Each structure stands twice: as C-alpha cells, then as structure tokens.
Amino acid sequence: MLARVANDLFWMGRYIERAEHTARFLNVNYFSSLDAPNILSQSRPFVLNSIYGMVDDRVEDQSTLVEEEVLYNVGLNPEKLYSILSCIKIARQNASNARDLISTEFYEAINKFYHFVMNYPKDRFVKNGLYDFTTSVTENTAILRGKIRGTLLHNDIFALIMLGINIERATQITRIIQTKLFDAEKAISSYSKPIRNSYEWTTLLKCAESYDMMRSLYRKSPAQLNTLNFLILNPNCPRSVMNSLNQTYLHICNLDASKVKTVNSAAFLIGKMRADYEFKTINEIQSNVGIFIDDTLKCLMNISSKLEEEYFNY
C-alpha cells in the first residue's frame, strides 16, 4: 500500500472520531449549563470559553466572547481547522483519496454525512439547531464506525483506520478530562463540595458518553476519583484511555508485529505506554492529575509522530 493512501486511511479515522467528540462536548456543555448551579448558569462566557478550551482556542478575556460566534466557529466555520465541518470535510476527502480500498456502503455513508454538514444552515445552527446538529453528528459517526466494522475486510486497511480512531479517542478523552479539570479549578470557589463531586464529573462522563456505564459499575454518584479511574484506567470501558491503548496495540501488531520489540518504534512506544497504564493506580494519578494528563497527551503526540515517520512518509 502506498504511504500516501495509508496516511489518508489513518487520518480519516482520526477526523471522524474528532468530529464526534467535539460535537458531544459542544452539546453536553452547552445544554448542561442551563441546569447548572446558579453561578455557572449565569456565566455563559465561562461555558463558551470551556468549549473553546476543548479545541485549544481558549481566550484570556471571557467578556469578549459572543455566543453565536463561538458556536459557529466550533460547529460550522470552514476557516477553523478544529470545527466539526472541517473534520468531516477532511475525513471525506481522505475517503475519496482511498476510494478503491473502502466499501461502497462506507463511502456512501460518509458522503451523505458530508453533504448534511456542508448544507446545514448557519442561521438555524446558531439560533435553535445546535441540539439537532450535534446529535446528528454523533449518530452519523456511529453509523460510519458500524460501516467500517461491517463492510470492510479486517485486514491492513481496517487496522490503519482503527489505529487512527483509537489514537484519536485516547487523545480526545484526555483533552476532555484536561478541559473539565481546568474548569473545575476555575470554578472551585463557586461550588459547594457536594456539587463539585457530582455536577462536574457527571458532565465529564456525559461528554465521553460513559455516564450510564460508570453508574452501572460503581452504583453511586460520580466523584473525581471514580470518574478518573473509569475514564483512564478501566480496560472494559470502550471510551477509556486504557481501552483505546489496548485497541491501538492490537491494530499496530496486526500491521507489523515485528516492530513491537524495536526500541523507539511506534509499536514499541504504544506497548510501553499501554504496559505503564496497565499497572498504574488511581492513587498515583490522583496525587498530580494535571501533570499526568499533560504527560499522556505528550506520549500520544509522540506516538503519532512516530507513526507518521514509519508508515506515512512519502
């Protein structure tokens, strides 16, 4: 397979996953703020800046934020690389570049999704279409993952796409945690302890589509410790960083198992990070969550760079 085509398949998977997480974060944070504690629900700039924080575009002066502008930038602005529209546009272009290697069913699904996003009215989106748009995005990305699993041979092509999906999932979950931790620190003086132990972590779990799973496992309200343990270290949670690393390791081995023991190869770095997480305890993380999250993002970026170097240079 040409390195250029492999790169297209990998990044197609990443941008599909990125669009989903951005849409869900936008949906959950915006609508949760309507029922939030009074101090937060009255501070719409705080919520808008949190949305910008997820896409790494946080501003210093929250008072300058305009709601319609923030929603448009994150949702439909073609000039913002982080927007949902840009993610789907790039994913569809990558799919077109690898058209001969993917199924007709999958291509038709991503093409339909692309036209839905491109033709969504801007005025409707920023006024009363946010829920409809973001829900449709998460539903369509789920359809695309189903088409990938159900209509493609589980060979190198499948492994490359799933490699991109799972690396991006680990990255996005980590970024969501980072953003919510930052928000919690900023708002900590405004909350009572019970709210801080439930509201922020409930929102975090819903951003990761993991609230019901977590409640089913722990049978109690979300708090910082059990939420972080579930989203970072639980291998059975399909949205956790640990599960994503396990899946990433599986797919890199399917591509080339011989490189697993080659020091500083992408496969080696994935295996090393996975092993480190497997024996990590939540108490170790809890002692300095911020540094741990920053280190996780750096490791994932390093792995992505190694993959580019080894498989996608052309």
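**Note on side-chain packing and charge pairs**

1. Phe-292 counts as buried, because its relative accessibility of 12% falls under the 20% cut-off. The model is predicted, and the points below should be read with that in mind. Tyr-277 is also buried, with a relative accessible area of 3%.

2. How many aromatic pairs does a search of the whole structure find? The search returns 13 aromatic pairs. One of them joins Tyr-277 and Phe-292, with 5.4 Å from centre to centre and 45 degrees between the planes. The pair is classed as tilted, because an angle of 45 degrees is neither under 30 degrees (stacked) nor over 60 (edge-to-face). Tyr-277 belongs to helix 15 (residues 266-278) and Phe-292 to helix 17 (residues 289-311), so the pair links distant parts of the chain, 15 residues apart.

3. Ring pairs also build a cluster, whose members are Phe-10, Trp-11, Tyr-15, Tyr-311 and Phe-312.

4. Two charged side chains lie over ring faces. Arg-92 sits over the face of Tyr-114, 4.1 Å from the ring centre. Lys-122 takes up such a place over Tyr-72, at 4.4 Å from the ring centre.

5. The structure holds 16 salt bridges. In one of them Glu-17 pairs with Arg-145, and the closest N and O atoms are 3.2 Å apart. Since Glu-17 lies in helix 1 (residues 3-32) and Arg-145 in helix 8, this pair ties together parts that are 128 residues apart in sequence. Both Glu-17 and Arg-145 are buried.

6. Glu-17 also meets Arg-239 in a salt bridge, at 3.8 Å from N to O. Arg-239 is placed in the loop between helix 13 (224-233) and helix 14 (241-256), while Glu-17 is in helix 1, so here the parts tied together are 222 residues apart in sequence. Arg-239 and Glu-17 are both buried.

7. Which residues are linked with Glu-17 in a network of salt bridges? The network includes Glu-17 together with Glu-20, Arg-24, Arg-145, Arg-169, Glu-209 and Arg-239. Glu-209 is worth a check on its backbone as well: this residue follows helix 11 and has a positive phi, near 55 degrees.

8. Glu-67 and Arg-44 form another salt bridge, with the closest N and O atoms 3.2 Å apart. The bridge links distant parts of the chain, from Glu-67 in helix 4 (residues 67-75) to Arg-44 in helix 3, 23 residues apart.

9. Arg-44 is placed in helix 3, which spans residues 44-54. Leaving aside residues up to four places away in sequence, Arg-44 touches Tyr-30, Ser-33, Leu-34 and Glu-67. Its 18% counts as buried because the cut-off is under 20%.

10. The structure holds zero disulfides. For Cys-87, which is in no disulfide, the nearest cysteine sulfur is that of Cys-207, 16 Å away. Cys-237 is likewise in no disulfide, and the nearest cysteine sulfur, again that of Cys-207, is 14 Å away. These distances may be set against the 2.5 Å cut-off for a pair of cysteine sulfur atoms. Cys-87 counts as buried at 0% relative accessibility, and Cys-237 counts as buried at 1%.

11. Asn-155 is found in the loop between helix 8 (130-151) and helix 9 (156-187). At 33% relative accessibility this residue counts as partly exposed. How far apart are Asn-155 and Asn-254 in sequence and in space? They are separated by 99 residues in sequence and by 7.9 Å in space, C-alpha to C-alpha.

Key
Residues numbered from 1 in each chain as written. Predicted model: local features only at pLDDT ≥ 70, side-chain atom pairs only at ≥ 80, totals over all residues. Heavy atoms only, no water. Phe/Tyr/Trp six-rings, centres within 6.5 Å; stacked < 30°, edge-to-face > 60°. Helix = DSSP H or I, 4+ residues; strand = E, 2+ residues; numbered from the N terminus. Buried < 20%, exposed > 50% of the residue type's maximum accessible area, 1.4 Å probe, protein only. Lys NZ or Arg CZ within 6 Å of the ring centre and 35° of its normal. Contact = heavy atoms within 4.5 Å. Salt bridge = Lys/Arg side-chain N within 4 Å of Asp/Glu carboxyl O.
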